[in-house]
Amino acid sequence: MEHLTKRYGDLVAVKDVSFEVQRGEVFAFLGPNGSGKSTTIRMLCGILEPTSGHGEVLGFDIVQEAEQLKQHIGYMSQRFALYEDLTVRENLEFYAGAYQVPASGLKRRIDELIAMAGLSGRERQLAAHLSGGWKQRLALGCAFVHQPQLLFLDEPTAGVDPASRRSFWDLIFGLTGTGVTVFMTTHYLDEAEHANRVGMMHNGELRALSTPADLKARYLPGQMLAITCDDPLRGRAVLRQLPGLSQVTLYGKAIQVLARRVDPASVRAALQQNGIGVESIAPMAPTLEDVFLSLTSEGTDDMH
Amino acid sequence: MGGHPPLGTGLRLAESYPPPSASSVANRWHMSWSRLFAVIRKEFIHLLRDRRTLGFVLLAPVMELLLFGYAGNTDVDHLPAIVYDESRTAASRAFAAAFQNSGYFDLQPWAGTRNQALQAIDEGSARVVLVIPPDFGDKLAKGETATVQIVVDGSNPNVAQAALSAGGLIAQDQSAKALGGDTGQGSQNGGRPGIDLRPLVLYNPTLNSAIFIVPGLVGMFVPFQAMLLTALAVVRERERGTLEQLVVTPITSLELMIGKVLPNVLLAFVSMALSLIVARLLFGVGVAGSLLLLLLLTIPFVLGSMGIGLLISVASRTQPQAQQMAQVFILPSFFVSGVLFPRESLPLVLQIVGDLFPTTYFLEIIRGIMLKGVGLTALWPQAMGLTVFSFGMLALAVNRFRKRID
């Protein structure tokens, strides 16, 4: 992909995004709502025309050869687009037909997918009656019915309970194990940790792109500390004044800071000087959330 | 500790609000003006933001008023009429002229045979044929009763009746003149009129109005349904979010269009068949001509309407919007296509508008086949028109129906 841009009138949804995705990896596009992730993924699928720039997916140009491209990719849209008044089986059968899955292997394929999704026995249930987790798995099945080499998943775990989310990731890795490449978007920072590589989107721009570990190393110049003390509110105010500390945020009752050139002892001292008792200062494993905050330099409170 | 004022200062509920009386709390008619205002304000915002609905609500009554006012008059005049004058005397020409001058009839001269003249009624190019026998002039000159036949298209009872009564008046008037002039006596010749106008009503001798209205209604509801169902089928997918998923599959826009249209075509035919059965059983309106031809000619009409439906679906975001747009098409056609009001009586502007609506031609076809029993020979211009229309609409729809989420 090179210099993909999408404008809606005055609104530039995607600014000059360029990147490459390797075969067989799980690539996650991470960012808050409205950062341009869904717009980008739609351009990659050939259903949205970029205002400028070009891209190639599986060797097909996304603008000129969009229709051929669609035969070889699978897409799961943000709203789990399923036909509510069709049953589980009927939904799968429709998409199988849409992708011209040969009639001879059709039944077997659908049975496989139903098993993979864990929906055996629920085949005749109307999609409307499935809960979020089941719908997600059915939608994945529909996207995968023709065994594409590349899967595009747009916010696949949105609104799904944590247990279902975990088993979903098991499914994903089961697929990539067989050589399928997965390109997904998500705003769940903790999930993005599972991906092979992560691209961070903010306000339509691609801010960073690498493996999670590399991102943390590169963009977190310092040590993450978690501090518990008597008066978190006031402690936060104090620490914000302290040079060398950034991203001072409250997390529950603890304060989290990114200590750049300051060691824990100095932090303790600063707090005690202001009459705040310190219970503990412990190093924290950095998360992608910290990377994201650092990149966007917003450092606001109460974001999780 | 910055931030929160301790609760309890300044906020003494009992003093800020009057204590609710037992009756007002229990009384379900109790209203809070601020709550009410919040709802009213929100509703106004909804209304004003939905430009399409707003436009429709404001313009629709105006449009209806215009149409009703200009088109919806039941006066009948300027009926295309043919004079088949076998007498060709001064007297017969004067008689014919009287019809022209009345304003009710627009006379066309005729050079063909009597049967060809009657065929004009079949084809719909004339509503009335005046047949003046060869002995008209002679009989008048001799003071005997001359008969003239007035053949009237009975498929529209209103028009037929108007034609008959107008014709009758004119004939009486002419008759009195002829008598007065001939005998030279200033007295009325009581009893036998000088000119006897014999009526012949074609197709609908009993002037049963159902015979006229029913095919008209069928011709109007079928396209409306076709248009609406097709539009809704697509817009529903957009509303549900499944359109995006469809667009990403290899399904081509042509396949999508045809796939959406075909079941609705079947449905349209079933509904038309039901209407025809009801028309037959309850109103006694059967199909005088070829049912097969009727169904065949319905196909381009239905397909064209569905093309319009697809175009509507491209322009609509929600189902109610699609419904409104379909109504915008149907409402004028009710007035200018001749469903209820004869087209000849419309002001010229509206007649031209009516020429643009395919419903006009379809109505001529359906009435032609059901009431007059005519075939393709009489109806081929309308058939051609419909076929052109349907191909045009479908081509336009294919052009505009793109597989993009934009």
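Predicted model: local features only at pLDDT ≥ 70, side-chain atom pairs only at ≥ 80, totals over all residues.
**Entry 1: confidence**

Chain A has an average pLDDT of 81, with 92% of its residues scoring at least 70. For chain B the average pLDDT is 81, and 88% of the residues score at least 70.

I then looked for the elements of chain A at either end of the scale, and noted that strand 1 (residues 2-8) of chain A has the lowest mean pLDDT, 57, whereas strand 8 (residues 150-154) of chain A has the highest, 91.

Next I listed stretches where the pLDDT stays under 50. In chain A, residues 298-304 are such a stretch, and the model gives them seven contacts beyond four places in sequence. In chain B, residues 1-16 stay under 50 and have one contact beyond four places in sequence, while residues 182-191 of chain B also stay under 50 and have two such contacts.

**Entry 2: a sheet in chain A**

**Entry 3: two helices of chain A**

I looked up helix 3 (residues 88-98) and helix 5 (residues 132-144) of chain A, whose axes come within 8 Å and cross at roughly 25°. That angle makes helix 3 of chain A roughly parallel to helix 5 of chain A, and the crossing is right-handed.

On one side of the contact I listed A:Val88, A:Asn91, A:Leu92 and A:Tyr95 from helix 3 of chain A, and they meet A:Leu138, A:Gly141 and A:Cys142 from helix 5 of chain A. By class, this contact of helix 3 with helix 5 of chain A has five nonpolar, two polar and no charged residues.

**Entry 4: a sheet in chain B**

In chain B I found an open sheet of five strands in the order 2-1-3-4-5, and its pairing is mixed. The edge strands here are strand 2 (105-108) and strand 5 (195-202) of chain B, each pairing on one side only. With direction ignored, neighbouring strands are turned by 25° against each other on average.

Strand 1 (residues 79-85) and strand 3 (residues 128-132) of chain B run parallel and are joined by five bridges, and I noted that B:Asp85 stands opposite B:Ile132 in strand 3 of chain B. Helix 5 (residues 90-102) of chain B lies across strand 1, strand 2 and strand 3 of chain B, at about 135° to strand 2 of chain B.

**Entry 5: two helices of chain B**

How do helix 9 and helix 11 of chain B pack? Helix 9 (residues 209-240) and helix 11 (residues 253-283) of chain B are at an angle of about 160°, with their axes 10 Å apart, and therefore they are roughly antiparallel to each other. Their crossing is right-handed. The residues that meet include B:Val214, B:Val218 and B:Leu229 in helix 9 of chain B and B:Leu267, B:Met272 and B:Phe283 in helix 11 of chain B. By class, the contact has 14 nonpolar, five polar and one charged residues.

**Entry 6: where the chains touch**

Last, I looked at the contact between the chains, which takes 16 residues from chain A and twelve residues from chain B. On the side of chain A, helix 1 (37-45), helix 2 (66-72) and helix 3 each supply at least two residues, and the largest share, three residues, comes from helix 2 of chain A. This side of chain A has nine nonpolar, two polar and five charged residues.

Notes
Residues numbered from 1 in each chain as written. Chains lettered and ligands numbered in written order. pLDDT = per-residue confidence, 0-100. Axes fitted to C-alpha atoms, helices over the stretch in contact; angles between N-to-C directions. Helix = DSSP H or I, 4+ residues; strand = E, 2+ residues; numbered from the N terminus. Parallel < 35°, antiparallel > 145°, perpendicular 65-115°, else oblique. Left-handed = near helix turned anticlockwise from the far one by under 90°. Nonpolar A, V, L, I, M, F, W, Y, C, P; charged D, E, K, R; others polar. Pairing = 2+ DSSP bridges.
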